[in-house]
Amino acid sequence: MPFFRSHVLISVDPECLKRGAHDVMDALQDELVQQGLNEEVQILETSRIGDPIHFGPDLMVYPEGVHYANLSVDDIPFLVEEHFLKGRVVNKFVAQESIIADEELGMPKAKEIRIVLKNCGKIDPNNIEEYIAEDGYMALGRVLTELSPEDVINEVLSSGLRGRGGAGFPTGKKWSFARASASTPKYVICNADEGDPGAFMNRRVLESDPHAVVEGMIIAAYAIGSSQGYVYCRAEYPLAVKTLNIAIQQAREFGFLGKNIMGTDFSFDLEVRMGAGAFVCGEETALMSSIEGKRGEPRPRPPFPAVRGLFMQPSNINNVETYAVVPQIMLRGPEWYASMGTEKSKGTKTFALAGDVKNTGLIEVPLGITLREIIFDVGGGIKDNKGFKAIQTGGPMGGMIPTKLLDLPIDYESLASAGSIMGSGGLIVMDDETCMVDIARFFMDFTQDESCGKCVPCRVGTRRILEILNRICEGNGRDGDIELLEKLCYEIKRDSLCGLGQGAPNPVETALKYFREEFEAHIYEKRCPAKVCRNLITYEVITDACTGCTVCARNCPVTAISGERRQPHLIDPDVCIRCGICMQVCNFNAIHII
Amino acid sequence: MVLGATHRSDIEEVVNEVVQQYGSSRDELIPILNEINRKVGFLPNGVLEMVSKQLKLPQSKVLSVATFYQMLSTKPRGRHVIQFCESAPCHVTGGRQVWERLQEELNIKAGETTEDDKWSLITVSCLGVCGVGPVVVIDEDLYGNVTPDQLPEILSHYS
């Protein structure tokens, strides 16, 4: 039997044929013969690989799994020489996905372990058969035929999985509470209202591997005894909503959703509900209010959703990522999952790297990895080789972590001890040109805007903090402001009704804790060390470097610059609006900020 | 966006169609308002009245929901709606300069509509494409890695 070291699958989809796929195939065969490779490399015809209109003629090379696209007959000799003789992937022929997908999820970087992201970019999310081919719905099969609901809960418990939405509550425990509640009907809800600025992991999973989430929810429903589920997805994710709906429809057609799933007497169905632009609806009780058609206002707990949730019935609500990992835990076993991570924070977590870092995008790493490794090894370091200043973890309810804590391991307890939280996984990296007062103000502006308004500490408290921060950034900081901010932070955290208010002060609190001197400079010296806050900076011409070319004066929108040709120019600080255009257009680096 | 003007009979038709599509139970209120907002461009007063009648809800409840969610608008909007992400990741990668240039080009501030009703400018919270910030969305088109100098060209695509 002939043994081939490499297989080439070439698409003979009609659209590819129209674009010359057969000629490419013939050219490839000829070239392989010429190079003496035709006994080692086999060419096979297949149906569509990538979207033929964008990628045809295209082909896949195995075992590497490289997808080459838009090939012409002339490309073939070079391709064969590079890939099959020299063993080098030819990057210029590799299929480029959409600019967004390409930029945000490339090949795994050093130290990554992809579990939740394992199928993303590799399967067609609109084709359930591809999910099944990657062992999809096998876990469900095992669960429904071999395990009791209690068995399922025990396995999830021993895996050590903690809720990936941010709070990190042990998932198995949460399921056991809903199971223990007697009242029916019970509901399974997926929180897909990923609103944290800087977090887009959930979006990617929903758009690229929706069935992982669906399967996880069905398993959860079996475990707690539910027959109806909802995925609450934010309206800002239209593609995710569309992909989910297609996936649910296909799952129904295959008998994974609906009545008597896989021939058992377990029935469960799923519906997608869209949000309407309210960050607070990511909070579990506000989310349930929203599904009920009301304002997204949180409710006090107890009673917890597991006892009285959606429509006042026992409900289990988990994040997208939590459900997405469940099928793999059920398939590969809880010990496998628990072998990764730290003692109290098991498994892997997806993170979204954003901000001033070279490699922005999605990553998945085992918990316990340090911040330094994430920023510099996985993230490639700071963009433009500037200095690192701080990293914000956990979204707007999280805290800023400075350089001296960079060797902190990323796990639930360590981040909490530093004043931050794990949150949903957004990591915003900030370079040394960031003003920490401005950033704290920025986050407070966001949370203040998104506050639902129901409880006084949050509604009024965040506004007061914002007013003080605005004053400080404008140069009107007063003695006593720092102490007042600290007091407000403490009280708002203590007294707010829900996680939004309880976490809103974190950016301010950590900024005060680690960057107090910046606040003091703003207040007592009316100076912004990072040279960001408009009212506290002055643009000045460096007279020795200025050649008097007048480019800056001509571009100044408020004619604040005066000077004769060939004479050093002068910027009038009273007229200058600090737009920075003069510095941008100066060809002699003769303008700086003081 | 389909209807710019707000003829009562046209609105009635849209409302009836949408309520029939989703069903007239209370928990369908947000999907219904979302769909009507999408079709009409915003939620005129007449809509709130009609929806409250069909769903048998007090008008105050419908209004309280319509004004809570950022994607629902009770004010008319321009032919093209520009959404600018004002969240931190877009901010730290140069968002502020893009925002200022946008306001300059259009001569309006956040929440306003140009006099000729062509543009409405609103700020939104994170859209979840932070890897390509700063981000501008015009109608259903998303633009990533936007620089201030690209704006005039981007805006010129819309009539």
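In which order do the five strands of the open sheet in chain A come? This is a predicted model, where local features need pLDDT of at least 70, side-chain atom pairs count only at pLDDT 80 or more, and totals for chains, interfaces and linings use all residues. Residues are numbered from 1 along each chain as its sequence is written, with chains lettered from A and ligands numbered from 1 in the order in which they are written.

**View 1. The open sheet of chain A.** The order is S10-S9-S13-S11-S12, and the pairing is mixed. Strands here are DSSP runs (E, at least two residues), helices are H or I runs of at least four, and both are numbered from the N terminus; strands pair if DSSP finds at least two bridges between them. At the edges sit S10 (361-366) and S12 (399-402) of chain A, each pairing on one side only.

**View 2. Strand S11 and its two partners.** S11 (residues 388-393) of chain A runs antiparallel to S13 (residues 426-431) of chain A, joined by five bridges. S11(A) also pairs with S12(A), again antiparallel, over four bridges. Look for Ile391(A): its bridge partner is Val429(A) in S13(A) and Ile401(A) in S12(A). The S11(A)-S12(A) hairpin has five residues between the strands, and Gly394(A) takes a positive phi near 85° there.

**View 3. Where chain A meets chain B.** Here 40 residues of chain A are in contact with 30 of chain B (C-beta atoms, placed from the backbone, within 7 Å). H18(A) gives the most to chain A's side, with five residues.

Definitions and conventions. Two residues are in contact if their C-beta atoms, placed from the backbone, lie within 7 Å.
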